[in-house]
Amino acid sequence: MVLDRRTQIFIWVAWFAVFPIGLWTAYKISPPTHFYHHFDFLVTTGLSCIVALIPIVVNQIPFSVTQWLTIFVFLKYGLFAEVILAQIITFIVLLRLRLPKEKWYNFPLNSIMFMIVSLVSGAIFYIFGGEESMFKQEI
């Protein structure tokens with residue numbers, strides 16, 4: 001299904017409004033403390049990129065099996081790292097599908113959807129006392 005031009009423009013404008021606010025919110029809820037300097041975060045990101053390059057298509061509906069990696073990143077590095085990784089995975093999956101220009105609106109649409117789901121579920125996790133340090137190693 002291809003949307004009309006006006007709807008596509010609305011989706012992109014909504015993404016430009018929601019994405020920075022979502023990143024800021026994720027940063028405020030769970031600021032990054034150490035994930036930029038860890039080799040294992042880079043390995044996890046690399047593994048996520050490899051898995052994202054292999055989308056599964058069923059009845060012309062593509063999906064990727066990367067949720068197990070994003071939940072691991074969320075529990076080990078926090079919400080902000082998970083949001084960043086989810087956006088990278090979304091971009092790679094849609095790039096791999098080689099969508100025609102008329103369907104490029106899928107990126108902001110999926111990006112907004114994953115951003116909102118990550119923020120809401122992460123906030124609920126932290127409200128009920130969850131800690132991101134479940135898999136952290138003492139240095």
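Visitor: Happy to start with charges: which residue forms a salt bridge with K76, and how far apart are the closest N and O atoms?

Guide: Keep in mind that this is a predicted model. A search of the whole structure finds one salt bridge. The pair joins distant parts of the chain, with K76 in helix α3 and its partner in helix α2, 36 residues apart. That partner is D40, and the closest N and O atoms lie 2.6 Å apart.

Visitor: Is K76 buried or exposed?

Guide: Buried means under 20% relative accessible area. K76 has a relative accessibility of 10%, so K76 counts as buried. D40, at 28%, counts as partly exposed.

Visitor: Which helices are included in what covers the buried residues of α3?

Guide: Helix α3 spans residues 67-77, and its buried residues include L69, V73, F74 and Y77. The cover over them includes three helices: α2 (39-52), α4 (79-96) and α5 (106-127).

Visitor: What follows α3, and what is its phi?

Guide: The residue after α3 is G78. Its phi is positive, near 105°.

Visitor: How many Å separate the C-alpha atoms of P32 and G78?

Guide: P32 sits in the loop between α1 (5-29) and α2. Along the chain, P32 and G78 are 46 residues apart.

Visitor: Is P32 buried or exposed, and which residues does P32 touch?

Guide: With a relative accessible area of 19%, P32 is under the 20% cut-off and therefore buried. Leaving out residues up to four places away in sequence, P32 touches Y27 and F80.

Notes: Residues numbered from 1 in each chain as written. Predicted model: local features only at pLDDT ≥ 70, side-chain atom pairs only at ≥ 80, totals over all residues. Heavy atoms only, no water. Buried < 20%, exposed > 50% of the residue type's maximum accessible area, 1.4 Å probe, protein only. Helix = DSSP H or I, 4+ residues; strand = E, 2+ residues; numbered from the N terminus. Contact = heavy atoms within 4.5 Å. Salt bridge = Lys/Arg side-chain N within 4 Å of Asp/Glu carboxyl O.
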